[in-house]
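Work through the exercises below with the model open beside you. Try each task before you read its solution.

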Amino acid sequence: MSSALIVIDVQNDFCPGGALAVPEGDQIVEGINALMDDFDTVVLTQDWHPEGHSSFASSHEGKTPYELIDMPYGPQVLWPDHCVQGSAGAELHADLDVARANVIIRKGTNPAIDSYSAFFENDQTTSTGLGGYLQALGVTEVTMVGLATDFCVQFSALDASRLGFKVNVREDLCRAIDLDGSLKAAQNAMDEAGISRL
Ligand code: VGL
Ligand code: ZN
């Protein structure tokens, strides 16, 4: 039995002052660092979009951030430009203990498909390879922390559960965007999937 800590998108753009700032997003960093030694494997994820990504409102004429559009793979929230590959905003938070990470998974690199989850893009089909990586290491239980609770953490947790991992979400080490009740909806979906919210 082996365990993994999955640290979702603790990046400058999701912290106060960033392009898609999550309130108090920076306040979880110390607690995440302190948790790393409790796990066999530490995975970090990094939202990593090319310029002009299809999840950016600026890529759609007449659209503004936080509007919903229909994409071929389903509904998609449009975001401010964020986590552009190579930009300062895309860097992991300077205080995050990156040295302790076994692997860093970059996601959202396909210009046409967003990827909230660390495991599958938003088409729910295209794999990042993380599931196979963890299975090859014998990982059976994963704990999720990071940003944002109601988007990338939720989607990662639901996919991990679907793949058969036992999933814990440390909500004290996550922070939410909370658009129109999205945090409550995420909590309900995670409860229904049998995910432990700690
Ligand atoms: C995220 C919106 C867009 C997240 C990433 O990390 O939760 N949210 N891209
Ligand atoms: Zn993104």
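Gln124 is placed in the loop between β5 (103–107) and α2 (130–136); helices (H or I, at least four residues) and strands (E, at least two) are DSSP runs, numbered from the N terminus. This is a predicted model, where local features need pLDDT of at least 70, side-chain atom pairs count only at pLDDT 80 or more, and totals for chains, interfaces and linings use all residues. Residues are numbered from 1 along each chain as its sequence is written, chains are lettered from A and ligands numbered from 1 in the order in which they are written, and side-chain values use heavy atoms, without hydrogens and water.

**Exercise 1. Describe the surroundings of ligand 1.**

Step 1. List the neighbours (a heavy atom within 4 Å). Around ligand 1 are Asp9, Phe14, Leu20, Asp47, Trp79, His82, Leu147, Ala148, Phe151 and Cys152.
Step 2. Sort them. Ala, Val, Leu, Ile, Met, Phe, Trp, Tyr, Cys and Pro count as nonpolar, Asp, Glu, Lys and Arg as charged, and the others, Gly among them, as polar. The shell has seven nonpolar, one polar and two charged residues.
Step 3. Look for N or O atom pairs within 3.5 Å. An oxygen atom of ligand 1 lies 2.6 Å from a polar side-chain atom of Asp9. A nitrogen atom of ligand 1 lies 3.1 Å from a polar side-chain atom of Asp47. A polar backbone atom of Cys152 is 3.1 Å from an oxygen atom of ligand 1.
Step 4. Check the cover, using Shrake-Rupley areas with a 1.4 Å probe. Ligand 1 alone exposes 260 Å², and the protein buries 99% of that.

**Exercise 2. Which residues lie nearest the centre of the largest cavity?**

Step 1. Define it: on a 1 Å grid over the protein atoms alone, a cavity is a set of points where a 1.4 Å probe fits but cannot get out, and lining residues have an atom within 4 Å of a point.
Step 2. Read the volume, the space filled by probe spheres set on the points: about 110 Å³ for the largest cavity.
Step 3. Name the residues: of 15 lining residues, Phe14, Asp47, His82, Tyr116 and Cys152 lie nearest the centre.

Conventions: A polar contact is a pair of N or O atoms within 3.5 Å; within protein, one must be able to donate a hydrogen and the other to accept it, and residues adjacent in sequence count only if both atoms are side-chain atoms. On a 1 Å grid over the protein atoms alone, a cavity is a set of points where a 1.4 Å probe fits but cannot get out, and a pocket is an open set with protein on both sides within 12 Å along at least five of seven lines; lining residues have an atom within 4 Å of a point.
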